[in-house]
Amino acid sequence: MGEHGNATIHDLIGRLGVRVEYRSDLPPGRLGAYVDDERRIVVRAGLTGPLERETLHHEYIHAKYRDRGSDDAAERRAERECARMLIDEREYASAERVGLSPLGIARQLDVPLAVVRVYQREILAGRLSDPR
């Protein structure tokens, strides 16, 4: 999985000098946030493994670029880079070749469906090679 070698997402976040805080009082629908002024990532407590990983990777990208606030371009970049980190190209190609649906691919790769959809969007846009 991913292009960050043996480093965990927590290692990568730590290397940026950012700390992670788990909280249960985030607004409805909000899974996480990056607060640049405080160099802090906040993640909703109690997320499933795949959702927690997606949220941590997504917010890591915001931290990497020191994003302040949320605009469409920064969100698309975070989605795109998060999907690239979470999905192994060979594993994705294998799941595609056996004809799995996007949901089946998500289950096979243990990532949220939204991550697979972003990855597929990148393939269709020509920003990733087509595994077929």
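This note reviews the helix packing and the sheet of a predicted model.

1. Basis of the model. The structure is predicted: local features need pLDDT of at least 70, side-chain atom pairs count only at pLDDT 80 or more, and totals for chains, interfaces and linings use all residues. Residues are numbered from 1 along each chain as its sequence is written, and side-chain values use heavy atoms, with hydrogens and water left out.

2. Confidence. The chain has an average pLDDT of 93, and 95% of the residues score at least 70; pLDDT is the predictor's confidence in each residue, from 0 to 100. Within the chain, confidence is highest in strand E3, at 98, and lowest in helix H4 (residues 89-97), at a mean of 94. Helices (H or I, at least four residues) and strands (E, at least two) are DSSP runs, numbered from the N terminus.

3. The sheet. Three strands form an open sheet in the order E1-E3-E2, with mixed pairing; two strands pair if DSSP finds at least two bridges between them. Strands E1 (19-23) and E2 (32-35) are the edges, each pairing on one side only. Neighbouring strands are turned by 20° against each other on average, direction ignored.

4. Strand pairing. E1 and E3 (residues 40-44) run parallel and are joined by five bridges; Val-20 has Ile-41 in E3 as its bridge partner. E2 and E3, by contrast, pair in the antiparallel sense over four bridges, and here Ala-33 is partnered by Val-42 of E3. The hairpin of E2 and E3 has four residues between the strands, and Arg-39 takes a positive phi near 45° in this hairpin.

5. H2 against the sheet. Helix H2 (residues 49-64) lies across E1, E2 and E3 and runs at about 20° to E2. Axes are lines fitted to C-alpha atoms, for helices over the stretch in contact, and angles run from 0 to 180 degrees between N-to-C directions. Contact means heavy atoms within 4.5 Å.

6. H2 against H3. The axes of these helices cross at roughly 125° and come within 8 Å, which makes H2 oblique to H3. Angles under 35 degrees count as roughly parallel, over 145 as roughly antiparallel, 65 to 115 as roughly perpendicular and the rest as oblique. The H2 residues that meet H3 include His-57, His-58 and Ile-61, and the H3 residues include Ala-78, Cys-82 and Met-85. By class, this contact of H2 with H3 has seven nonpolar, three polar and seven charged residues. Ala, Val, Leu, Ile, Met, Phe, Trp, Tyr, Cys and Pro count as nonpolar, Asp, Glu, Lys and Arg as charged, and the others, Gly among them, as polar.

7. H3 against H6. Helix H3 (residues 72-86) packs on H6 at an angle of about 100°, with the axes 9 Å apart, and H3 is therefore roughly perpendicular to H6. Among the contact residues are Arg-76, Glu-79 and Arg-80 of H3, and Arg-121 and Glu-122 of H6. The residues of the contact of H3 with H6 divide into five nonpolar, no polar and six charged.

8. H5 against H6. Helices H5 (residues 102-109) and H6 (residues 113-124) pack at about 115°, their axes 8 Å apart; the two are therefore roughly perpendicular to each other. Pro-102, Leu-103, Ile-105 and Ala-106 of H5 meet Leu-113, Val-116, Arg-117 and Gln-120 of H6. The residues of the contact of H5 with H6 comprise six nonpolar, one polar and one charged.
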